[in-house]
Amino acid sequence: MNWSETFLAILKDNDVRLVSYVPDNVLTPLLKGVTSDNYFLSLCATREDEAIGAVTGAYMAGLRGAVMMQTSGFALIANALASLVLPYQIPAIMVISERGTMGEFNIGQSLVARTMRPTLDALGITHHTLADATTMRFVVDSSIKQAFSTQAPVALILSPLLTGGNPAAHAKLKV
Amino acid sequence: MSNERLTVKTLNRTALTKLLVQRLKADEAVIAGIGNANFDLFAAGHRPQNFYMLGSMGLACPIALGVALAQPERGVIALEGDGSILMGLGCLATIANMKPRNLTIVIWDNGIYQITGKQQTATGGVTDIVAVARGAGILASEWVRDEAHFERLLDRRFEDDGPILLAVKIDDTPGAGQTPRDPALIRSRFMKGLGTGRGAALEA
């Protein structure tokens, strides 16, 4: 199995059926897997905070969910994390494809990427950067189990080292 | 689009919230947005299936969508103010496309950010929230003309025929209560009300 197939298999192992997302190039194999598999309920949101809200409601009503987004989308959700996810103790599984590093062509992405880990640290949210397929299964599986056991969110950051980065970047990086 | 929003009767959120709660028959989940929407829901009499937001302005409808998708047999009602829904209009498009049959949205529209000093909202200007919702694809969206019309609209099974959006022109009276500000307790009790709580052994 490649990294995205392994990732989706771990979601299934942990009964995570709802996947709410705002699309991203790097997420494409995950999203294709989700939308083509009846096990999953996919929810394409217009903004990342909306996706967080939907996963929050679903969790409280007994359906486990994950939110998939890219780095810039994470920058939109600090308030939803600080005033909904954290105080209400919601185990939101956040899957963030990392833009802005290791071959970024868009200066906006490289700048907003700097806010991601400091924001997670400021809020005290556990985050792991997934950089290779061999350790990914353990990190993702154990983190999801910890999130639901302790009613705390977790951020799983998909490094270009794992995903190969944005496939559109290589051509655009040529100067 | 007519000027219906300019001709409907101005109603009172506290009174209509009470009326709505009285009409619930099947343990419907009610998710009320930050501020007056949840203050009036609490003031109407707490019930285990109520969820009160204390922040995350604009997310009442997305939260309600999540509840509706997770429990398709249960009616789910989102109560949201005009300022709040304006913060995340995109969720109306998402809801229209997801087509949850068990979701009803009520927008309390007084045309102002009542709680922050009565500054005018876009719906206090030219924006018609029913037209926005229909354009987003929630075709069953309408203005509530008066109390009797609201009562007729409530006379239905909330678990079916959605998504529906009802916009109510309301006055500028503040909410009638204050929700206890204990988010973890609110979440825990809501989950118990929906049958998904984990702490049953601690409730004795």
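Tutor: Let us begin with Gln151(A), which in this predicted model is partly exposed, with 15 other C-beta atoms within 10 Å.

Student: Why is Gln151(A) called partly exposed?

Tutor: A residue is buried at 20 or more such atoms and exposed at 12 or fewer, and Gln151(A) has 15, so it is called partly exposed. Gln151(A) is found in the loop between helix H8 (133-150) and strand E6 (154-158) of chain A, and its phi is near 50°, a positive value in a residue other than glycine.

Student: What makes Lys99(B) exposed?

Tutor: Lys99(B) has 11 other C-beta atoms within 10 Å, and because the limit for exposed is 12 or fewer, the word applies to Lys99(B). Lys99(B), in the loop between H6 and strand E4 (103-109) of chain B, also has a positive phi, about 55°, although it is not a glycine.

Student: How do you know that H4(B) and H6(B) are roughly parallel?

Tutor: The axes of H4(B) and H6(B) cross at roughly 20° and come within 9 Å; angles under 35 degrees count as roughly parallel, and therefore these two helices are described in that way. On the H4(B) side the contact is made by Cys61(B), Pro62(B) and Leu65(B), and on the H6(B) side by Cys91(B), Ile95(B) and Met98(B).

Notes. Residues are numbered from 1 along each chain as its sequence is written. Chains are lettered from A and ligands numbered from 1 in the order in which they are written. This is a predicted model: local features need pLDDT of at least 70, side-chain atom pairs count only at pLDDT 80 or more; totals for chains, interfaces and linings use all residues. Axes are lines fitted to C-alpha atoms, for helices over the stretch in contact, and angles run from 0 to 180 degrees between N-to-C directions. Helices (H or I, at least four residues) and strands (E, at least two) are DSSP runs, numbered from the N terminus. Angles under 35 degrees count as roughly parallel, over 145 as roughly antiparallel, 65 to 115 as roughly perpendicular and the rest as oblique. Two residues are in contact if their C-beta atoms, placed from the backbone, lie within 7 Å.
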